[in-house]
Amino acid sequence: TRTVRGIAVFYLGLLLILTCGASIAETRAAKFRLPKSFNKLPPTVISSLVKEGCRIPQTIVDGYLMSTNVITGEFAEKGQKDWAILCSKEGSLYITLFWGGAIHCPSEIDVGSIFEKDIANGLEFDHSIGTASKRGILQDYQEYGGTKPPTITHLGISYGDEKASEVYYCHNNEWIELTGAD
């Protein structure tokens, strides 16, 4: 029957996940990728993320899974290649950074814990991180106000959804929260 076939497919899928080492984990309304599934990440970054238990939430837009929340850029100084990853662990949501040189800010930015409410309401996860350019930072400030940006010499990290965002900018070894797009 249909039910027996469904149960068999479920157990077959579970067996494949357990034996093949799944790269995607799923809750009712959120999907996560494991660090090892991002082949562009350096091996040292992958092993650190695995060790800390980071699961990388994936943005879902109109029912489609988007590969998101792992970015690289010059987040502390021009010419320094850094990595930023949006992580979820035990209900917490944070951006973790891996610095490519001596200049840096704190390596973790707490962005809250939105999963519990969103999952309970059956909503799709639509938050993501991205790079924020000098032009974008200044344009958002001119359009929406907020904290006046310092002299922009490198990229910032934007975090938000399609409705609103904020920008984290590394300045003098600390994060400044700037206005993003609304």
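These legends describe close-up views of a predicted model. Local features need pLDDT of at least 70, side-chain atom pairs count only at pLDDT 80 or more, and totals for chains, interfaces and linings use all residues. Residues are numbered from 1 along each chain as its sequence is written, and side-chain values use heavy atoms, leaving out hydrogens and water.

**View A. The largest nonpolar core has 18 residues.** Such a core is a set of buried Ala, Val, Leu, Ile, Met, Phe, Trp, Tyr and Cys residues joined through side-chain atoms within 4.5 Å; buried means under 20% relative accessible area, exposed over 50%, partly exposed in between (1.4 Å probe, protein chains only). Ile95, Leu97, Ile157 and Trp175 touch the most other members. Strands S7 (82–89), S8 (92–98), S9 (108–112), S11 (156–160) and S12 (165–171) each supply at least two core residues. Strands are DSSP runs (E, at least two residues), numbered from the N terminus. S8 gives the largest share, three residues. Another core, of 12 residues, lies apart and includes Val45, Ile46, Leu49 and Ile56.

**View B. Two arginines sit over phenylalanine rings.** The charged end of Arg33 is 3.9 Å from the ring centre of Phe38. Arg55 lies over the face of Phe32, at 3.7 Å from the ring centre. The criterion is NZ of Lys or CZ of Arg within 6 Å of the ring centre and within 35 degrees of the ring normal.

**View C. Lys78 forms a salt bridge with Glu74.** The closest N and O atoms are 3.9 Å apart. A salt bridge is a side-chain nitrogen of Lys or Arg within 4 Å of a carboxyl oxygen of Asp or Glu. The whole structure holds one. Lys78 is exposed, at 62% relative accessible area. Glu74 is partly exposed, at 25%.

Notes
Helix = DSSP H or I, 4+ residues; strand = E, 2+ residues; numbered from the N terminus.
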